[in-house]
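Good morning, colleagues. Please turn to the sequence and the structure, which I shall discuss together.

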Amino acid sequence: MGGPRGAGWVAAGLVLGAGACYCIYRLTRGQRRGGRGLRLRPSRSAEDLTNGSYDDVLNAEQLQKLLYLLELTEDPIIIEKALVTVGNNAAFSANQAIIRELGGIPIVGSKINNPNHSIKEKALNALSNLSVNIENQIKIKVYVHQVCEDVFSCPLNSPVQLAGLRLLTNMTVTNDHQHMLTNYITDLFQVLLTGNGSTKVDSPFLSLYDGHVAKEILLRVLTLFQNINNCLKKESHLAIQPTFTKGSLFFLLYGEECAQKMRALVNHHDVDVKEKATIIPKF
């Protein structure tokens with residue numbers, strides 16, 4: 001397989017296929033507004049912060065209160081609601097950095113050890129949103145091996161398994177941490193072969209390659225394609241015309257519909273998108 005690094009490419013390609021849509025969807029939630037507030041001592045009113053809607057974006061002071069509450073409370077209901085609120089706010093890029101600087105990543109990460117599967121799922125979802133930030137990945141990578149073990153030990157297609165796959169997807173979009181999945185290739189194959197539609201990718205995924213899609217999203221899905229292509233090249237699967245299972249990510253990416261979209265992106269008005277599309281080999 002060309003050593004651990006080559007095997008990491010294979011594992012990364014598999015995980016990217018399992019959770020690609022979710023991590024790209026999160027990027028469409030937009031940017032948050034506002035600056036970083038003063039660090040005030042948290043109070044019990046932090047519980048009120050867990051009752052907002054998805055679009056209630058918290059500032060730095062409120063996030064600190066929420067993290068303080070999450071760290072100290074033992075009430076499973078409050079823990080779960082706090083994790084949901086942290087996760088929702090972590091969908092905004094500015095808050096991803098604020099939560100890291102407030103020491104929130106280890107606080108959230110500690111909750112993946114909770115025996116309550118609902119709490120574990122919410123913690124994984126929050127880490128998944130936080131992991132879109134490259135600097136956050138440096139702190140989140142310490143949980144990768146445990147997340148892999150949880151993915152394979154949980155029931156097939158369970159919320160915890162899918163949340164873990166989404167986190168692993170984000171952690172392997174770039175090359176930095178793909179080698180950490182080397183020892184899990186066989187199990188990843190098993191998940192993708194036996195999982196239901198929630199662990200696979202359907203045709204709407206290709207709409208992410210449309211020319212009108214935001215540049216940030218286009219660059220990420222093109223990087224996804226490039227990494228998968230490199231994975232297959234290392235395994236010599238592209239030496240001859242491969243046959244992929246219908247409905248799989250590979251079937252979609254190497255089909256005619258995607259080929260047309262890629263040819264269009266070669267003429268995209270944005271230089272970075274055009275360059276990224278150009279370096280992916282023709283197929």
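How many disulfides does a search of the whole structure find? The search finds zero, a disulfide being a pair of cysteine sulfur atoms within 2.5 Å. Cysteine 154 has a relative accessibility of 10% and counts as buried, and cysteine 258 is buried at 0%. Buried means under 20% relative accessible area, exposed means over 50%, and partly exposed lies in between, with a 1.4 Å probe and protein chains only.

A word on the source. This is a predicted model, in which local features need pLDDT of at least 70 and side-chain atom pairs count only at pLDDT 80 or more, while totals for chains, interfaces and linings use all residues. Residues are numbered from 1 along each chain as its sequence is written, and side-chain values use heavy atoms, with hydrogens and water left out.

I begin with the overall fold. The secondary structure comprises 14 helices and zero strands; helices (H or I, at least four residues) and strands (E, at least two) are DSSP runs, numbered from the N terminus. Of the 283 residues in the protein, 54% are buried. Contact means heavy atoms within 4.5 Å. Among contacts with a separation of 6 or more, 73% are between residues 24 or more positions apart.

In general, an α-helix has 3.6 residues a turn, so residues three or four places apart point the same way.

I turn to the aromatic residues. The structure holds three aromatic pairs. Rings of Phe, Tyr and Trp (its six-membered ring) pair if their centres lie within 6.5 Å; planes under 30 degrees apart count as stacked, over 60 as edge-to-face and the rest as tilted. Tyrosine 209 and phenylalanine 225 form an edge-to-face pair, at 6.3 Å centre to centre and 75° between the planes. Tyrosine 209 lies in the loop between α10 (185–194) and α11 (215–234), and phenylalanine 225 in helix α11, so this pair ties together parts that are 16 residues apart in sequence. Phenylalanine 225 and tyrosine 254 have ring centres 5.5 Å apart and planes at 90°, so this pair is edge-to-face. Tyr209, Phe225 and Tyr254 form one aromatic cluster.

Finally, the charged side chains. Which side chain forms a salt bridge with aspartate 272? The partner is lysine 215, the closest N and O atoms being 2.8 Å apart. A salt bridge is a side-chain nitrogen of Lys or Arg within 4 Å of a carboxyl oxygen of Asp or Glu, and by this rule the count comes to 10. Aspartate 272 is in helix α14 and lysine 215 in helix α11, 57 residues apart, and the pair links distant parts of the chain. Aspartate 272 is partly exposed at 37%, as is lysine 215 at 35%. Arginine 263 and glutamate 256 also meet in a salt bridge, at 2.8 Å from N to O. Salt bridges that share partners join Glu80, Glu121 and Lys122 into one network.
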